[in-house]
Amino acid sequence: MDLNLNFKEIATSGMVLFAVIDIIGSIPIIIGLRTKVGHIQSEKASIVAALIMIAFLFVGKEILNLIGIDVYSFAVAGSFIIFFLAIEMILGITLYKDDAPESASIVPIAFPLIAGAGTMTSLLSLRAEYEVENIIVAIIINIIFVYLVLKSSKRIERILGKNGISIIRKVFGVILLAIAVKLFTANINALF
């Protein structure tokens with residue numbers, strides 16, 4: 001098997017996933033869960049999230065084919081979701097409302113906090129443009145970062161403070177917005 005590893009693709013995929021997963025912006029949720037239930041299983045949550053994302057990367061396209069949707073259409077639809085996630089991050093508003101998690105088990109952390117709808121959409125959108133092995137490397141890098149953040153969430157919150165976390169969210173929101181526009185323009189032509 002010939003690996004087509006490309007640093008630029010890994011970096012771009014990694015930035016998209018980092019911004020969509022938004023683990024830094026999720027620190028207040030993680031702290032709240034840790035306070036409520038006492039302990040978060042960082043290793044288990046990280047591994048399960050990685051497995052969900054990699055499985056969806058491979059099976060997601062087949063699911064789309066089964067229902068008759070091509071990857072380019074999904075990428076354009078995904079660009080809209082990424083666009084709205086970016087708007088949420090930049091403006092500090094909530095467009096997508098989800099039920100608050102009740103426990104800090106795999107379910108609220110691995111899914112949907114880490115590997116949620118935005119992440120799944122982004123993975124298939126990225127697959128329309130980049131090599132699969134580069135996206136897998138980007139997933140692994142992000143999961144390592146997610147694990148480190150889960151392990152040290154209290155310390156990170158203390159260091160960054162509310163303003164620091166807010167600034168990081170806004171910066172990644174702008175990056176995500178630019179990526180959404182690029183994803184849209186790169187795939188819209190394939191539909192016509």
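This section describes the nonpolar core, the cavity, the salt bridges and selected loop and helix positions of a predicted model.

In soluble globular proteins, nonpolar side chains tend to be buried together. In the present model, the largest nonpolar core comprises 46 residues. Within this core, the residues with the most contacts are Ile23, Ile109, Ile114, Leu123, Ile139 and Leu150. At least two core residues are supplied by each of the helices α1 (7-21), α2 (27-37), α3 (42-66), α4 (71-91), α5 (106-114), α6 (117-127), α7 (132-151) and α8 (153-188). The largest share is that of α7, which contributes nine residues. The surroundings of Ile109 illustrate the packing: leaving aside residues up to four places away in sequence, Ile109 touches Leu33, Ile40, Ala45, Ile114 and Leu150. Two of these partners, Ile114 and Leu150, are themselves listed with Ile109 among the core residues with the most contacts.

A search of the whole structure for cavities of 30 Å³ or more returned one. The volume of the largest cavity is about 50 Å³. Its lining is formed by Thr12, Val16, Leu126, Glu129, Tyr130, Ile179, Lys182 and Leu183. By residue class, this lining consists of five nonpolar residues, one polar residue and two charged residues. Helices α1 and α8 each provide at least two of the lining residues, and α8 gives the most, with three.

Side chains of opposite charge can pair when their charged atoms come close. The model contains two salt bridges under the criterion applied. In one of them, Glu43 is paired with Lys151, and the closest N and O atoms are 3.2 Å apart. This pair connects distant parts of the chain, with Glu43 in helix α3 and Lys151 in helix α7, at a separation of 108 residues. Glu43 has a relative accessible area of 38% and is therefore classed as partly exposed. Lys151 is likewise partly exposed, its relative accessible area being 42%.

The other salt bridge joins Glu129 to Lys182, with the closest N and O atoms 2.8 Å apart. Here too, distant parts of the chain are linked: Glu129 is situated in the loop between α6 and α7, Lys182 belongs to helix α8, and 53 residues separate them. Glu129 counts as partly exposed at 26% relative accessibility, and Lys182 counts as partly exposed at 42%.

Asp22 occupies the loop between α1 and α2. Because its relative accessible area is 13%, which falls under the 20% limit, Asp22 is classed as buried. The backbone of Asp22 adopts a positive phi of about 50°, although this residue is not a glycine. Apart from residues up to four places away in sequence, Asp22 is in contact with Leu17, Met89 and Arg169.

Gly92 is found in the loop between α4 and α5. With a relative accessible area of 59%, over the 50% threshold, Gly92 is therefore exposed. When residues up to four places away in sequence are excluded, Gly92 touches Ile87 and Lys170. Gly92 and Ile82 lie 10 residues apart along the chain, and their C-alpha atoms are separated by 15 Å. A further reference position is Leu148, which is located in helix α7. Leu148 is partly exposed, with a relative accessible area of 47%. Between Leu148 and Gly92, the C-alpha to C-alpha distance is 25 Å, for a sequence separation of 56 residues.

Note on methods:
Residues are numbered from 1 along each chain as its sequence is written. This is a predicted model: local features need pLDDT of at least 70, side-chain atom pairs count only at pLDDT 80 or more; totals for chains, interfaces and linings use all residues. Side-chain values use heavy atoms; hydrogens and water are left out. A nonpolar core is a set of buried Ala, Val, Leu, Ile, Met, Phe, Trp, Tyr and Cys residues joined through side-chain atoms within 4.5 Å. Buried means under 20% relative accessible area, exposed over 50%, partly exposed in between (1.4 Å probe, protein chains only). Helices (H or I, at least four residues) and strands (E, at least two) are DSSP runs, numbered from the N terminus. Contact means heavy atoms within 4.5 Å. On a 1 Å grid over the protein atoms alone, a cavity is a set of points where a 1.4 Å probe fits but cannot get out, and a pocket is an open set with protein on both sides within 12 Å along at least five of seven lines; lining residues have an atom within 4 Å of a point. Grid points are joined across faces, edges and corners, and a volume is the space filled by probe spheres set on the points. Ala, Val, Leu, Ile, Met, Phe, Trp, Tyr, Cys and Pro count as nonpolar, Asp, Glu, Lys and Arg as charged, and the others, Gly among them, as polar. A salt bridge is a side-chain nitrogen of Lys or Arg within 4 Å of a carboxyl oxygen of Asp or Glu.
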